[in-house]
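Please have the structure open while you read, and follow the points in order.

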Amino acid sequence: MSDLNKLGLAEARDLLRKGETTSVELTESCLSAIDAADALNAFVHKTPEIALERAKAADARIAEGDAPAMCGLPIGIKDLFCTKGVDSQAASRILEGFKPEYESTVSQNLVDAGAVMLGKLNMDEFAMGSSNETSVYGNVVSPWRRGNDDAELTPGGSSGGSASAVAADLCLAATGTDTGGSIRQPAAFTGITGIKPTYGRCSRWGVVAFASSLDQAGPMTKNVRDAAIMLEAMCSHDPKDSTSADLAVPNFEAMLTGDIKGKKIGIPKEYRMDGMPGEIEKLWSDGAEMLKAAGAEIVDISLPHTKYALPAYYVIAPAEASSNLARYDGVRYGHRATLAQGDGITEMYEKTRAEGFGPEVQRRVMIGTYVLSAGFYDAYYNRARRVRTLIKKDFEDVFAAGIDAILTPATPSAAFGLGEMTDADPVQMYLNDVFTVTVNLAGLPGIAVPAGLDKQGLPLGLQLIGRPWEEGDLLNTAYALEDAAGFVAKPAKWW
Ligand code: GLN
C-alpha cells in the first residue's frame with residue numbers, strides 16, 4: 001500500500017487491527033516522507049532507529065492481540081518535550097546537546113499507548129512566538145502557498161514544526177504545546193485540528209517550562225476523531241506535576257456522536273475586532289449557521305474583559321518565563337560560553353545567557369524581570385493577575401448561564417509570509433494571539449478546526465471554547481462543525 005503517511009490515526013489504527021498494513025510499513029512511509037521534506041525544516045532531530053524498533057515491537061503486540069490505543073502509529077514530538085536520550089532543545093542554543101535522562105510524562109504516556117516516535121519537531125525558541133521564526137534551527141516553512149505565488153509562508157507558531165509535519169503528511173499526528181495559542185494558531189494556519197485541553201489535564205512534567213500557569217500539551221491531528229484518540233492517550237493524573245488533575249480521563253472518542261441538538265453556542269461580541277478581515281467575519285458567521293443547522297442554539301454573549309487579555313498575558317507569561325529560564329546558567333544544561341582569562345561566575349552566566357538565548361527570549365526575560373521588580377510588581381504583575389481573574393469570571397458567568405461552548409475565529413488572519421513581520425513592532429506579532437490567550441488565562445479547553453479557505457487558497461480555522469474538564473463535549477461539538485464545514489483541502493506538494 002502506498003501513501004500510508006497520508007493516513008490519519010483512526011484510519012491507520014483500523015488497518016493495523018485488520019492486518020492490512022504493519023507499523024513498520026507505516027513508519028517507513030513516514031520516514032521517507034520526512035527525508036523528502038527537508039525543505040520544510042519541520043523535523044529537526046530524526047530518530048529512525050527508535051521509530052523502527054518501536055514499530056517492530058508494536059507489530060508484535062498487535063499480532064498477540066494486545067494493541068493499546070495508539071499501537072504502531074507514527075507521530076512527531078515537539079522539541080519542547082524531554083525525550084530520554086534524544087536531543088530536547090526547545091529550539092534554543094542554550095540547550096544545545098542536551099539529551100535528557102528522563103522522558104516527559106506525556107511522551108511516556110504515548111510510548112505506553114504504543115505510539116512510534118519519528119523524531120523531534122521544530123518550534124519557536126522556548127515556545128515564544130507565533131511564526132516559528134525564533135527557532136535556533138531556522139524557521140519552519142508551511143507546506144501551503146498562496147495560489148501560484150511561491151513566497152514561503154509561516155506555519156504559525158510556536159508548534160509550527162508539528163503543524164507543517166501533520167499538514168504535509170510527514171507523520172500521522174504530532175504533539176504540541178499551547179501557552180497562549182501555540183497549538184490552535186498553527187493548526188488554523190495549516191488546515192489541521194489542534195486542541196489545548198483544560199489546564200491540568202496533561203502533565204507538564206518533563207515539558208520545558210515557558211509559563212507554568214498557562215502551559216498545556218495537546219495533540220495536533222488531521223481530524224477531530226484523531227484528536228480525541230491522541231488526547232486520551234496523552235492525559236493522565238501525574239503526582240510529579242502538582243497542578244495535574246486527579247480526574248478520570250474519559251473515552252473521548254466514544255463521545256463523538258455528532259449530536260449537538262439543544263447545545264447552546266455563545267458568540268462573544270467582544271471578539272468582533274475593529275478591522276477584522278471580511279473573510280474571517282464570514283467564516284465565523286458561516287460556522288454559527290452550520291452549528292445552528294446541526295440543531296444547536298446560537299446565543300449572543302458578552303465577555304467584557306476580553307480587551308485586557310492580550311496585555312495581561314504579555315505581563316504574566318514573560319514574568320513566569322523570566323523565572324523559569326533562570327535555571328539556564330551554563331552549569332546545569334547545554335551550552336556554556338567560552339570564558340576569558342579572569343572571568344568569574346558572573347561573567348560565565350552573563351556570557352552564556354547572552355549567547356544562548358535569542359532576541360525574543362531575551363526580550364521576554366527583560367519584560368518579565370521588569371514587571372516582577374520591587375517597584376513595578378503591583379502596577380504590572382499583580383494588576384495583570386487581577387485582570388486574569390476577571391477574564392476567568394467572564395467565562396464562568398456565561399457557562400453558569402447555560403452556554404455549552406463558545407465559537408470564535410481561531411486567528412485574526414490567514415498565514416502570513418516568512419519575514420513579513422521582521423521589521424514590525426513585536427506587538428504586531430503578539431496580536432496573532434488575540435483570540436486564543438483568553439482561553440489559557442482562564443485555563444479552559446479550546447480547539448481549532450479548519451473551516452474554510454481564504455481567497456488566496458489558504459486555510460482558515462474556527463475556535464470552540466468549552467467548559468472546564470468537558471473536552472469530550474467540546475470534541476463532539478467540533479466533530480459536528482468539522483462534518484458541516486467539510487474541509488478537505490490539502491497543500492499542493494512543491495517540496
Ligand atoms: N504566541 C504566544 C507567545 O509568543 C503563544 C506561544 C505559546 O502558546 N507557546 O507567547
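How far from an oxygen atom of the ligand does a backbone N or O atom of Thr179 lie?

1. The distance for that backbone atom of Thr179 is 2.7 Å, which makes a polar contact (a pair of N or O atoms within 3.5 Å; within protein, one must be able to donate a hydrogen and the other to accept it, and residues adjacent in sequence count only if both atoms are side-chain atoms). A word on the basis: this is a predicted model, where local features need pLDDT of at least 70, side-chain atom pairs count only at pLDDT 80 or more, and totals for chains, interfaces and linings use all residues. Residues are numbered from 1 along each chain as its sequence is written, and side-chain values use heavy atoms, with hydrogens and water left out.

2. Two further contacts are worth a look. An N or O atom in the side chain of Ser182 is 2.7 Å from an oxygen atom of the ligand, while a nitrogen atom of the ligand has a backbone N or O atom of Ala127 at 2.8 Å. On its own the ligand has 290 Å² of accessible area, and the protein covers 100% of that (Shrake-Rupley method, 1.4 Å probe; for residues, only the protein chains shown count as cover).

3. Around the ligand there are 15 residues, with Thr179, Gly180, Ser182, Tyr313 and Arg364 coming nearest (a heavy atom within 4 Å). Five of the shell residues are nonpolar, seven polar and three charged (nonpolar: Ala, Val, Leu, Ile, Met, Phe, Trp, Tyr, Cys and Pro; charged: Asp, Glu, Lys and Arg; polar: the others, Gly among them).

4. The ligand sits in the largest cavity, meaning that more than half of its atoms lie within 2 Å of the grid points. A cavity is a set of points, on a 1 Å grid over the protein atoms alone, where a 1.4 Å probe fits but cannot get out; lining residues have an atom within 4 Å of a point. The volume here is about 80 Å³ (the space filled by probe spheres set on the points, which are joined across faces, edges and corners). Among its 13 lining residues, Gly129, Ser182, Tyr313, Tyr314 and Asp433 lie nearest the centre.

5. The second largest cavity has a volume of about 50 Å³. Its lining includes Ala127 and Thr179, along with Arg204 and Asp215. By class, this lining has six nonpolar, three polar and two charged residues.

Technical notes. On a 1 Å grid over the protein atoms alone, a cavity is a set of points where a 1.4 Å probe fits but cannot get out, and a pocket is an open set with protein on both sides within 12 Å along at least five of seven lines; lining residues have an atom within 4 Å of a point.
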